[in-house]
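Hi,

Here is the structure I promised to pass on. My notes on what turned up in it follow below.

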Amino acid sequence: MKQGRFYLAAAILLLASGCEKEDGEDGENTDDSKWTHPLTTTLHRTDPGGEQSTYVITYTYDAKDRLTGTRNSRDGVTETTTSDYVYDGKTVTYTEKTWAGETLWNSQKFKRTYLDDALEKVLEERITDKDDHIIQRICNEYDQQERLVHSLEYSRGNSKVSETKYTYDGKLVICDKYWLKNTGEVSAVSKYIITYSDDELTKLLIHGCLAAEETAERPWDWVRHYSYDYRGRLNGITYEAEGKLVWETRNYVYGNKSLTCENREVHYGTDIITISETTYKH
C-alpha cells in the first residue's frame, strides 16, 4: 500500500518540477498560463522483473482554479487514494484517504497555514492521524524578502526532529540541517547546496547533499542536476547517489496541453521505468 502513496507523491513532484510554458510556437497553447493545473496523469511503471502496473490520477478545481481534490487509483481497483481540499483565507486543509478495494487502509489530515495570499510560502504544516494526533509538524520563518530562512520539524509528542537554517548568496542557497535527538542534542548535520540559473531562484541547476567526508572523487552524498530547453522549460533531471550505485534520469517532452516524462531509476544495477503522461487544463 505504501508504494501507491509513494508514486502519487512522485507523480505530483514530477508535475510540480515541470515548468513554465512559453507559447505561440509549434501549434502549442497561445495563452500565457503556467502549467500548474493538471487534469489527468497516467503512470505506467515497469519493475526490474518486467511486472507492470498503472496509476491514474485525476484532479478537480473550483471556480477560482484552486485544487479541490485528487483521485489516485492503481491498476483500476487495487488501491485508491483520495484527497479533498478546503480553503479558508491563508489556511488550506485536506484529508488524504487510502483504500484497498472497499477497505479504508489509512487516513491522514493535513493543515497548512501560509504567509502569502498566493498560498506558496508555508508558515506551518500539521499532519495528524484520524484521531487528530500529530504525526508531523513543520514551522517555517521568512526574512523581509519572504525568503525561507529557518525551519523546525516536530514529530509525535511535539519533540523536535530537525532544524534547518538557510543562507542566501546570489543564486546560491546553502541549507544546514541539524538532526536532533530526543534530548535536543544534535545527532548529525547535513549540508545541502542549491544553485539556480535566475535571480528569482525559480530555475534549479544543482541540488545536492555534500558527503560527510568529501573527497575529490565523491564530493556529494547525492546530487541532482537540472537542464532546460531553449524556451527555459525543464527538460531533464539526473540524480546520483552513493557514487554510481543509485541514479535516476527524467526526460520531459512537451505537447499541446500535455507533458510526458520518462523516469528511469537504477538501483544497484536493476532498472525501474515509469512513464507519466499528463494533460493540463491551461
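The largest nonpolar core has 20 residues, and I194, W222, L234, Y252, Y254 and L259 touch the most other members. By nonpolar core I mean buried Ala, Val, Leu, Ile, Met, Phe, Trp, Tyr and Cys residues joined through side-chain atoms within 4.5 Å; buried is under 20% relative accessible area, exposed is over 50%, and partly exposed is in between (1.4 Å probe, protein chains only). At least two residues of this core come from each of β11 (172-180), β12 (186-196), β13 (204-210), β14 (220-228), β15 (234-241), β16 (246-255) and β17 (258-267), with β15 giving the largest share, 4 residues. A separate core of 7 residues includes Y94, Y114, V122 and I127.

Before you go further: this is a predicted model, where local features need pLDDT of at least 70 and side-chain atom pairs count only at pLDDT 80 or more, while totals for chains, interfaces and linings use all residues. Residues are numbered from 1 along each chain as its sequence is written, and side-chain values use heavy atoms, with hydrogens and water left out.

Overall, the protein chain has 1 helix and 18 strands (DSSP runs numbered from the N terminus: H or I of at least four residues for helices, E of at least two for strands). Of its 282 residues, 37% are buried.

V56 has S73 in β3 as its bridge partner. There are 5 residues between the two strands, and D65 in the turn has a positive phi of about 65 degrees.

Over in β16 sits T249, which counts as buried because its relative accessible area is 19%. Leaving out residues up to four places away in sequence, T249 touches I237, T238, E262, N263 and R264 (contact: heavy atoms within 4.5 Å).

As for charges, the structure holds 16 salt bridges (a side-chain nitrogen of Lys or Arg within 4 Å of a carboxyl oxygen of Asp or Glu). D176 and K191 form one of them, at 2.5 Å from N to O. That pair links distant parts of the chain, with D176 in β11 and K191 in β12, 15 residues apart. D176 is buried at 14% relative accessibility, whereas K191 is partly exposed at 32%. Salt bridges with shared partners also join E124, R126 and R137 into one network.

Cheers

How values were computed
Pairing = 2+ DSSP bridges.
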